[in-house]
Amino acid sequence: MDALMAALVAAALAGIGDAPARLAAILSDRYRRPGAVILAAAVALAAASALAVVAGMLLAPMMTPEARLLMLALALVLQGGGALFPAKVPDRLERWRLGAFVTSVLGLFILLFGDGIQFVVVALAARASVPWLAAVGATMGSLAVIAPAAMLGEAAWMRLPLKPGRLAIAILFLVTGIVIGVQALALA
């Protein structure tokens, strides 16, 4: 259950002001079908999270508990460091003519595949007794941010105070990662 809640909270926080939410808002405006974009986002999120969990399950047997904890610390610090910088505006996928659902699934999956939260999911899955709960949590947490973005549309989403939120979240990830890293190295 720890992996579920940790992944849910981490993904929800990491998604605020991040590119996948903005892409969902862009595609929702373009196709005027927020429901299809949200459903497509759920599919893309589940697939990306599942790949991260598989990676975590493959790495786990090769690592000591301290190494797994250190990997989580590093993932959180990297996520926090990335949140200090503004998210790049995602490609609007204007040349893609695959329809609302397929364009959203593929576009969001590609964007999510290299996203920092995937590294957090890998680290959480490597430490969990039930690794798949990390995928469920990450999917739900990310969807909790992407769904409102798709419903609001790009203009309304970008009017929200995302920049101060990202700064606060960056500090939270950095401090949490440093504390966990100190514990992993047995310095505390």
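The largest nonpolar core comprises 29 residues, and Leu72, Val120 and Ala134 have the most contacts inside it. A nonpolar core is here a set of buried Ala, Val, Leu, Ile, Met, Phe, Trp, Tyr and Cys residues joined through side-chain atoms within 4.5 Å, where buried denotes under 20% relative accessible area, exposed over 50% and partly exposed the range in between (1.4 Å probe, protein chains only). Two or more residues of this core come from each of helix 1 (2-15), helix 3 (34-59), helix 4 (65-83), helix 6 (116-127), helix 7 (132-152) and helix 9 (162-184). Helix 6 gives the most, with eight residues. Helices are DSSP runs (H or I, at least four residues), numbered from the N terminus.

The model is predicted: local features need pLDDT of at least 70 and side-chain atom pairs count only at pLDDT 80 or more, whereas totals for chains, interfaces and linings use all residues. Residues are numbered from 1 along each chain as its sequence is written, and side-chain values use heavy atoms, with hydrogens and water left out.

With neighbours within four places in sequence set aside, Leu72 is in contact (heavy atoms within 4.5 Å) with Val120, Ala123, Leu124, Arg127 and Ile180.

Arg166, in helix 9, counts as buried because its relative accessibility is 9%. Residues up to four places away in sequence not being counted, Arg166 touches Ala14, Ile16, Gly17, Asp18, Gly82, Ala83, Phe85 and Ala87.

Positive phi values occur in two loop residues other than glycine, Arg32 and Leu93. Arg32, in the loop between helix 2 (19-31) and helix 3, has phi near 55 degrees and is exposed, with a relative accessible area of 65%. Leu93 lies in the loop between helix 4 and helix 5 (99-113); its phi is about 55 degrees, and at 7% relative accessibility Leu93 counts as buried.

One cavity of 30 Å³ or more was counted, a cavity being a set of points, on a 1 Å grid over the protein atoms alone, where a 1.4 Å probe fits but cannot get out. The largest cavity has a volume of about 80 Å³, the volume being the space filled by probe spheres set on the points, which are joined across faces, edges and corners. Of its 13 lining residues, Gly15, Pro20, Asp115, Ser142 and Ile146 are the closest to its centre; lining residues have an atom within 4 Å of a point. Helix 1, helix 2 and helix 7 each supply at least two residues of this lining.

Note on methods
1 Å grid on protein atoms, 1.4 Å probe; cavity = no way out; pocket = protein on both sides within 12 Å on 5 of 7 lines; lining within 4 Å.
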